[in-house]
Amino acid sequence: TEAGPPPAGLIKSSAGIGALLAQGIGDTIRYPLTADPVEEARAGRALLEAMGLRERKNVDLIACPSCGRAEIDVVAVAADAMAAFADREIPLQVAIMGCVVNGPGEARDADLGIAAGYRRGHLFVKGRNAAVVAEDEMVDALVEWAELIHSEGAEAALARVDTEKAAREAERDRQRLLAEQGDDVNDTGTRIDLIRRHGA
Ligand code: SF4
């Protein structure tokens, strides 16, 4: 009951409360954060939603951690998207992915997502390519599509666009990036060698 201020307090509380909830223990929760009580309520709701114990109310924004392949500043775009969705009550999972090489595959289970490539955003719905937008319109496009899917459903939204053309465009940018960056843009082999040498 004295977890302290966020972010450490959030992590400690989530670990403790989450472990109990996972075992089916508890009827009421409270995050004992040293913060505005509104933050406590938000954290409690987010934990219940993340564990599938409460129906989602707002967007669940996910994003890749970014890496050498990233075509955009993922942190900044994710922050912009968080602000754009704010308290809009759209219970969808929305993904922001740094590159079209791996992003659509990594986030194929999201309701809606966008992956960057060649100064464009490749928008996908439930893993299916749906549209291509300018890089600086990525967040606006996500909000617009989220509202459309929420009101009409994913299939109806997809029926409005040429998914095959969008898929061709995404594959074209994917191949261009692969040709430019190669298969191992993060130089994984060298990193693994370094780790092995340090560990030896
Ligand atoms: S490969 Fe692409 S989607 Fe995956 S972390 Fe790197 S930038 Fe993000």
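This report describes the fold, cores, helix contact and selected residues of one predicted protein model.

## Basis and overall fold

Residues are numbered from 1 along each chain as its sequence is written, and side-chain values use heavy atoms, with hydrogens and water left out. Because the model is predicted, local features need pLDDT of at least 70 and side-chain atom pairs count only at pLDDT 80 or more, while totals for chains, interfaces and linings use all residues.

The protein chain has eight helices and five strands. Helices (H or I, at least four residues) and strands (E, at least two) are DSSP runs, numbered from the N terminus. Along the sequence, their order is α-α-β-α-β-α-β-β-β-α-α-α-α. The C-alpha atoms fill a box of roughly 55 × 55 × 30 Å, taken along the principal axes.

Of the 200 residues, 37% count as buried. Buried means under 20% relative accessible area, exposed means over 50%, and partly exposed lies in between (1.4 Å probe, protein chains only). Contact means heavy atoms within 4.5 Å. Among contacts between residues at least 6 apart in sequence, 53% join residues at least 24 apart.

## Two nonpolar cores

A nonpolar core is a set of buried Ala, Val, Leu, Ile, Met, Phe, Trp, Tyr and Cys residues joined through side-chain atoms within 4.5 Å. In soluble globular proteins, nonpolar side chains tend to be buried together.

The largest nonpolar core here has 45 residues. Those touching the most other members are F85, V94, L112, L123, V125, L142 and W145. The largest share, nine residues, comes from α5.

Leaving out residues up to four places away in sequence, F85 touches V59, I90, V94, L142, V143 and A146.

A second, separate core has seven residues. L21, L33, L47 and L48 are among them.

## Where α1 meets α2

Helix α1 covers residues 8-22, and helix α2 covers residues 37-50. Their axes come within 11 Å and cross at roughly 45°. Axes are lines fitted to C-alpha atoms, for helices over the stretch in contact, and angles run from 0 to 180 degrees between N-to-C directions. The two helices are therefore oblique to each other. Angles under 35 degrees count as roughly parallel, over 145 as roughly antiparallel, 65 to 115 as roughly perpendicular and the rest as oblique.

The crossing of α1 past α2 is right-handed. That is, the near helix is turned clockwise from the far one by less than a right angle.

On the α1 side, L10, I17, G18 and L21 make the contact.

## Selected residues

| Residue | Relative accessible area | Class |
|---|---|---|
| S13 | 6% | buried |
| N129 | 17% | buried |
| S66 | 33% | partly exposed |
| K165 | 46% | partly exposed |
| R119 | 59% | exposed |

S13 sits in helix α1. Its contacts are A3, G18, Y31, P32 and L33, not counting residues up to four places away in sequence.

N129 belongs to strand β5. Beyond its neighbours within four places in sequence, N129 contacts H122, L123, F124, T163, A166, A167 and A170.

K165 lies in helix α7. K165 and G113 are 52 residues apart in sequence, and their C-alpha atoms are 17 Å apart in space.

## Backbone exceptions

Most residues other than glycine have a negative phi, and most peptide bonds are trans.

S66 has a positive phi, near 75°. S66 lies in the loop between β1 (60-63) and α3. R119 also has a positive phi, near 60°. R119 is found in the loop between β3 and β4.

The peptide bond from P6 to P7 is cis, with omega near 5°. P7 lies in the segment before α1.
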